[in-house]
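This is a walk through one structure, taken a few regions at a time. Keep the sequence and the 3D view at hand while reading.

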Amino acid sequence: MKIGVIGAGAMGSGIAQAFAQCEGFEVSLCDIKPEWAAGGKAKIASALGKRVSRGKMTQEAADVILNRITTGLKEDICQDCDLIVEAAFEDLGVKQKTFGELDAICKPECVFTSNTSSLSITAIAKNIKHPVVGMHFFNPAPVMKLVEVIAGVNSPAEAVQTVKEIASKINKTPVEVTEAAGFIVNRILIPEINEAAFIKMEGVATIADIDAAMKLGANVPMGPLELGDYIGLDIVVAIMDVMFNNTHDAKYRCCPLLRKMVFGGHLGVKSGKGFYNYANGGKVATDAQ
Ligand code: CAA
């Protein structure tokens, strides 16, 4: 089965790896510049290289995975894909344009999916002839076991079923969701990160103590503030805003501290600074900075 992954950023390359790790899948990893797509494959090679150096995988096994991934432009390498997973920039206009172009490129039986973290699948699918379903992976995509499969108003039931079956084939657990802002996980997880930011803003506890409290008291692998940095604070703010704008429910109001940090370019791991400072490969809480 051939999978077209659109967008070779952190999520796109992780999704490409998740498919390529399984026998029976070939991946066309695309971006708007061929060198960006190649960069996504280089990220996968580096992640696999770390596993090889730790003795968790042989170089031969890593090469098999990498050989299943072709990089390039969607115009050139997506014609014969059976499934598209779009992981492009999180903007409705960008996604609608991307699917509009894919509509003209892909074979008619190809199922389109979007890895959007909160946008409406129904809106993304507007004017698209191919069936469109949500297929939401979690970061890091090669590791996290869940895939939310989201049915928009016009998603055909057979396409939803196909996507669930494909998720199972790559050893993920699919959970079906009827479209609603935030789906399941982000609707619960992102307000938790937002609440942790309020706790920090009010001076209730330090960053390290908020994270330690949740790690030790709720048994989660990462505290909410380090997880916010990991996801990207700009994404956290964008998801809070989508949930608030869809519901006008005050429980989804974005913490002003988060918005201020995003305005200041403190986006978390990807910008080198968020609740923690990641300079020189370190991780130092920013309370005193
Ligand atoms: N790509 C590929 N593999 C990765 C990886 C990555 N980016 N990060 C970690 N791994 C692999 C490692 O290679 C390792 O595999 P092996 O044991 O087979 O070698 C395994 O994952 C564990 O990694 P580590 O030992 O380095 O570290 P860890 O045990 O501390 O786990 C973690 C790291 C998996 C990220 C863990 O901290 C975790 O689960 N954190 C929470 C992540 C989370 O909540 N994600 C959801 C975010 S919300 C989201 O994504 C949705 C959205 O729309 C915003």
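At 34% relative accessibility, Ser 271 counts as partly exposed, a class that lies between buried (under 20% relative accessible area) and exposed (over 50%), computed with a 1.4 Å probe on protein chains only. The model is predicted, so local features need pLDDT of at least 70 and side-chain atom pairs count only at pLDDT 80 or more, while totals for chains, interfaces and linings use all residues. Residues are numbered from 1 along each chain as its sequence is written, and side-chain values use heavy atoms, with hydrogens and water left out.

Ser 271 sits in the loop between H12 and strand E9 (276-277). Helices (H or I, at least four residues) and strands (E, at least two) are DSSP runs, numbered from the N terminus. Leaving aside residues up to four places away in sequence, Ser 271 touches Gly 265 and His 266, where contact means heavy atoms within 4.5 Å. Between the C-alpha atoms of Ser 271 and Leu 233, which are 38 residues apart along the chain, the separation is 10.0 Å.

Next comes helix H8. The 17 residues of H8 (residues 185-201) should span 24 Å at 1.5 Å a residue, and the end C-alpha atoms are 24 Å apart, which agrees; the expected span is 1.5 Å times one less than the number of residues. Buried residues in H8 include Asn 186, Ile 190, Pro 191 and Phe 198. The buried residues of H8 pack against strand E6 (132-136) and against helices H9 (207-218), H10 (224-231), H11 (233-247) and H12 (256-263). Just after H8, Gly 203 has a positive phi of about 75°.

Now to the aromatic rings. The structure holds 3 aromatic pairs. The rings of Phe 19 and Phe 137 form an edge-to-face pair, because their centres are 6.1 Å apart and their planes stand at 65°. Rings of Phe, Tyr and Trp (its six-membered ring) pair if their centres lie within 6.5 Å; planes under 30 degrees apart count as stacked, over 60 as edge-to-face and the rest as tilted. Phe 19 lies in helix H1 (residues 10-20) and Phe 137 in the loop between E6 and strand E7 (146-151), so the pair ties together parts that are 118 residues apart in sequence. Both Phe 19 and Phe 137 are buried. Phe 99 and Phe 112 make a stacked pair, 5.4 Å centre to centre with 25° between the planes.
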